[in-house]
Amino acid sequence: MDDLSATDRCVKCGLCLPHCPTFTLTGNEADSPRGRISLMQWLEASPEISQGFLNHIDRCLQCGACEAMCPSKVPFGALMDTARTRLAPQHRQGFSNRLLAGIGSRVLASPRALRLAGPVLGGYRRLGLPALLGKLPGTVGRLNRLLSRKTGAGHRLARPAGNLPRLHLFPGCTGHALDRQTLYDAQQLLRARGYDAVISRETACCGALQQHIGQADRAAALARHNHTALGDDEVPVISIASGCAAHLQGYDAVDTLDASAPFSSRVSEIMAFLAEQDAATVRFDPCEEPVGVYVPCTQRNALRQSQALFDVLRWIPGLETRHINPQGGCCGAAGSYMVTQPAFSDALGDAVVERIIDSAVRTLVTTNIGCSIQLQARLRARGIEVEVIHPVTLLLRQLRSQ
């Protein structure tokens, strides 16, 4: 989509309003989906915009809740991407946005930089710098508070097995630096299921962050890069993050990719992939402690595969799952949103933390790294001791030795 004409599909019925996190917070129609549709229609007709206009567009989380239930099938996410791309040249970026844009263009697009980020960040943590600099105000302090989480960086990833069916395990831009525990556990769990999960050294960021902040050209370049890195050999591509899986599944819509080598159909989120496997081939030990389950917006609204998460967790005998957000809702992570919109992000995250506290669980599982970072940070801010892990980590812990 290269224009905003699809805004005409919106009939302003308002059914989206109770599902929109930002409208729930402010009660302002300009912070609702139909309000933002009206702003986009104004943008289509007039080049004049105000800072208030930009603020209402910037506050959108692109959680997909409105699009998932829209009776008119308005492609709200694509429209928001288009609007932000069009607004980018006129947008006077603040420090946090400029910082993230610089990281996105230099680090996230470089496979070598992403691999080095893990050791560098590990050393940074060992020096205690996140705790020290996290006391600073502003973006620097906030980034350090978000980075104060355990990553399992000491695990050595498995070498290719060679004698098992092969899968591409997609680490995204955070896997090596921020989610190495999940990478390791996913490899081990998939190997127990009879697959060799290989992590390419050439993949970069999936491009979702760039796409959603108005850098459409950079997002397309990353799509081309990853398409080439993962080849056209029909090997399935498994993502450990629901956000990456949702974005990778949209690669076929990138005009400059080779249409003769379809990619999207090869992509699966790891829990959805496991849900299609025969559970009888592996055995798990019982789990006596209840576990909280937070379903990310991308799993619920973009992939629409929430049930797969619960289906796979049922492989663990006796496991009681307590669904933290059965009615939906967003934790306020939303990629770069947790840095660029701190007040809204914290308010949404704290609302989820209240539900976690009410659930009385000591372990929480979620399938998206952004949600994990956000919820750990908000729990720490409240002094609440709850372990936040990916479901594959819980599954591997309970996997019975054969």
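The buried residues of helix 21 are covered by elements that include helix 11, helix 15, strand 5, helix 17 (306-313), strand 7 and strand 8. The model is predicted, and its protein chain contains 21 helices and eight strands.

**Helix 21**

- Helix 21 spans residues 391-398, and six of its eight residues are buried, so the helix is largely enclosed by the rest of the structure.
- The buried positions in helix 21 are Pro 391, Val 392, Thr 393, Leu 394, Leu 395 and Gln 398.

**Overall dimensions and burial**

- For 402 residues, a compact globule would have a radius of gyration near 21 Å, and the 21 Å of the protein chain agrees with that expectation.
- The C-alpha trace of the protein chain spans about 65 × 50 × 45 Å along its principal axes.
- Buried residues make up 53% of the 402 residues of the protein chain.
- Among contacts in the protein chain with a separation of 6 or more, 76% involve residues 24 or more positions apart.
- The protein chain exposes about 18000 Å², of which carbon and sulfur atoms supply 53%.

- Four strands form an open sheet in the order 2-1-3-4, with parallel pairing.
- From one strand to the next, the twist averages 35°.
- Three bridges connect strand 1 (residues 166-170) with strand 3 (residues 237-239) in the parallel sense.
- Leu 169 has Ile 238 in strand 3 as its bridge partner.
- Helix 11 (residues 180-192) packs on this sheet and touches strand 1 and strand 2. The direction of helix 11 makes about 165° with that of strand 1.

**Strands 5, 7 and 8**

- Strand 7 pairs in the parallel sense with strand 5 over three bridges, and three bridges also join strand 7 to strand 8, again in a parallel arrangement.
- Val 293 stands opposite Val 365 in strand 7, while Leu 364 has Val 388 in strand 8 as its bridge partner.
- In a regular strand, side chains alternate between the two faces of the sheet.
- Strand 7 is covered on both faces: Thr 363 and Val 365 are buried on one side, and Leu 364 and Thr 366 are buried on the other.
- Strand 5, strand 7 and strand 8 are also among the elements that cover the buried residues of helix 21.

**Salt bridges**

- Side chains of opposite charge can pair when their charged atoms come close.
- The whole structure contains 14 salt bridges.
- Arg 142 forms a salt bridge with Asp 346, with the closest N and O atoms 2.7 Å apart. This pair links distant parts of the chain, as Arg 142 lies in helix 9 (residues 138-147) and Asp 346 in helix 19 (residues 342-359), 204 residues apart.
- Arg 142 counts as buried because its relative accessibility is 8%; Asp 346, at 18% relative accessibility, also counts as buried.
- Glu 289 forms a salt bridge with Arg 362, and their closest N and O atoms are 2.6 Å apart. Glu 289 lies in the loop between helix 15 (270-275) and strand 5 (291-294), and Arg 362 in the loop between helix 19 and strand 7 (363-366), so the pair ties together parts that are 73 residues apart in sequence.
- Glu 289 is partly exposed, with a relative accessible area of 38%, whereas Arg 362 counts as exposed at 55% relative accessibility.
- Arg 382 forms a salt bridge with Glu 354, the closest N and O atoms being 2.8 Å apart. The two residues are 28 residues apart: Arg 382 is in the loop between helix 20 (369-381) and strand 8 (387-389), and Glu 354 is in helix 19.
- Arg 382 is partly exposed at 36% relative accessibility, and Glu 354 is partly exposed with a relative accessible area of 36%.

Notes. Residues are numbered from 1 along each chain as its sequence is written. This is a predicted model: local features need pLDDT of at least 70, side-chain atom pairs count only at pLDDT 80 or more; totals for chains, interfaces and linings use all residues. Side-chain values use heavy atoms; hydrogens and water are left out. Two strands pair if DSSP finds at least two bridges between them. Axes are lines fitted to C-alpha atoms, for helices over the stretch in contact, and angles run from 0 to 180 degrees between N-to-C directions. Contact means heavy atoms within 4.5 Å. The radius of gyration is taken over C-alpha atoms; the globule rule is 2.2 Å times the number of residues to the power 0.38. Buried means under 20% relative accessible area, exposed over 50%, partly exposed in between (1.4 Å probe, protein chains only). Accessible areas come from the Shrake-Rupley method with a 1.4 Å probe; for residues, only the protein chains shown count as cover. A salt bridge is a side-chain nitrogen of Lys or Arg within 4 Å of a carboxyl oxygen of Asp or Glu.
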